[in-house]
Amino acid sequence: MTVRIIPTTPIEGQKPGTSGLRKKTRVFMQPGYLENYVQAIFDGVGGVGGRTLVVGGDGRFFNDRAIQVIIKMAVASGVARLIVGKGGLFSTPAASNVIRRTGAFGGIILSASHNPGGEDGDFGIKFNGANGGPAPEGVTAEIFARTKSITEYRISDVADIGLDQIGTTVVGDTVIDVVDPVTDYAVLMEGLFDFDRIAALFASGFTMRFDAMHAATGPYAREILENRLGAAPGTVVNAVPLPDFGGGHPDPNPIYAKELYDLMAGPDAPDFGAASDGDGDRNVVIGRGAVVTPSDSLAMLAANAHLAKGYARGLAGVARSMPTSRAVDRVAAKLGIDCYETPTGWKFFGNLLDAGRCTLCGEESAGTGSDHVREKDGLWAVLLWLNILAVRGESLKAIQDAHWAEFGRTFYTRHDYEAVDTSAAESLMGRLRELLPTLPGTTVAGLEITAADDFAYDDPVDGSVTKGQGVRVMFAGGERVVFRLSGTGTEGATLRVYLESFEPDVARHGLDAQEALAPVIAAADQLAGITARTGRTAPDVIT
Ligand code: G6P
Ligand code: ZN
């Protein structure tokens, strides 16, 4: 085996976003593009010689090629042990678990999450640290700096490593272990949840559909739900991961998981529906006739988590990203525990979880998780829900109605304007930021503004400050609008508008969210001039 040192020059735009570097697959396929970035990771994290790394991805197009490049580069850099998921696959939460369990230095996860895959789709790569979580801002900044000063990368000339058999190969100084990606994860879940109670629920005739969207969670869901918990064969649909996700868009939102939403609203609905995304970290849960927003799901899980054995001692605290609704805040207040508000991006929960300040966290973007790993975890959330349903013996709808009756309902929706002209989106945000000091005390579309700011986060654990995280506008009736630009898009800019209002009156809890939020939607449009500035008359996605 020889190590080749290839001279290279910096490539524009290798700046990690909300969740690592995410670009069109064809961009990653350009000669040297992936190699430059991987070398920048290796250098940016302080070198990987003699370390253990975990590598795997969600199986999307180019996953197989990229893994081989990473293996050759890891060997060239003297990585001591490389743990690779069989077939090059790991769901994101499973990779996080393996990093933690093996005491690895970190891991490289290949995914563009819920973005479509394929040669014309998206690809992504991110580094997770020893705690199993996405690298914090300081580390991603260092990686980005390396992409701008890189002069060479190191790669070995070893042949491709076969990844379809579990086993160990030694190449140069590197031990390469190909492991089953599901086993460790299933063991972790068995330790957290009452599998016997969930199995009894299925045995009593409880029905479910889990849509794996031809993405990473399929094998995990089949093994756990069908094989270990006894759910009927066929409970997990679209279970085989495919490089193009079967032509679908692996985002479990009402548009891309429409089939599941329609099933749950129709006469043949099973008792419970759920879906996950491309890399298995997101989840949605749907009851018969009851769509649950991710923000509400977080609040209800916080209120009920103690019913599962892994959380029986209660929660140390909870955390949510800023745009996530404040439903969970009300639960935390009642439980007398802390509730943290962080910027968008799972990496911001890492310090809080490591410091034991919170147990459960979640985001409006269909992410929920706990201190069991350092990523959000789709199947974990589904299992926690199943555990709660099994113990309470009530339907999801009944639990949601009771939750709203007790805590009030937080109406919530997100309107996305995708692939907007970048300069138009930036000038819209710039103007909002300029307006901020003038807003309090004024009335927009009949709603009085009480406060407005650009969200900044002071990390209570490491003292770091993160600014410019989204414009928040608060109104007198408890309504709130948040504007921010997505950090995960790959085409133009995506403007996200997050809208919420609070409704204590049970008689109004059955209203449709878009209807209930109509005045807030009108105020948001008037504030930002969305149509005038972007030319868009309606959002592309409503969640
Ligand atoms: C990824 C991150 C999440 C984040 C989501 C949306 O899934 O892991 O933490 O909430 O992207 O981010 P965006 O910047 O597109 O709103
Ligand atoms: Zn994801």
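Colleague: By class, which residues make up the shell around ligand 1?
Modeller: The shell has one nonpolar, eleven polar and two charged residues. Ala, Val, Leu, Ile, Met, Phe, Trp, Tyr, Cys and Pro count as nonpolar, Asp, Glu, Lys and Arg as charged, and the others, Gly among them, as polar.

Colleague: Which residues are the closest to ligand 1?
Modeller: Thr18, Ser365, Ser486, Gly487 and Thr488 are the closest of the 14 that surround ligand 1. A residue is near a molecule if its C-beta atom, placed from the backbone, lies within 6 Å of that molecule.

Colleague: Where do the numbers and the model come from?
Modeller: The model is predicted, so local features need pLDDT of at least 70 and side-chain atom pairs count only at pLDDT 80 or more, while totals for chains, interfaces and linings use all residues. Residues are numbered from 1 along each chain as its sequence is written, and chains are lettered from A and ligands numbered from 1 in the order in which they are written.

Colleague: New topic. How many helices and strands does the chain have?
Modeller: The chain has 18 helices and 27 strands. These are DSSP runs numbered from the N terminus: H or I of at least four residues for helices, E of at least two for strands.

Colleague: How much of the chain is buried?
Modeller: Buried residues are 54% of the 543. Buried means 20 or more other C-beta atoms within 10 Å of the residue's own, exposed means 12 or fewer, and partly exposed is in between, with C-beta atoms placed from the backbone.

Colleague: What about the open sheet, in which order do its strands run?
Modeller: The seven strands go β2-β6-β5-β3-β4-β9-β8, with mixed pairing. Two strands pair if DSSP finds at least two bridges between them.

Colleague: Which strands stand at the edges?
Modeller: β2 (21–24) and β8 (167–171) do, each with a single partner strand, so one side of each has no neighbour in the sheet.

Colleague: And how do β4 and β9 pair, parallel or antiparallel?
Modeller: Parallel, over five bridges. Val84 has Val178 in β9 as its bridge partner.

Colleague: Last one: why is β15 called largely enclosed?
Modeller: Five of the five residues of β15 (residues 317–321) are buried, so the rest of the structure largely encloses that strand. Gly317, Ala319 and Ser321 point one way, and Val318 and Arg320 the other way. In a regular strand the side chains alternate between the two faces of the sheet. β15 also pairs with β16 (residues 338–342) in the parallel sense, where Ser321 has Thr342 as its bridge partner.
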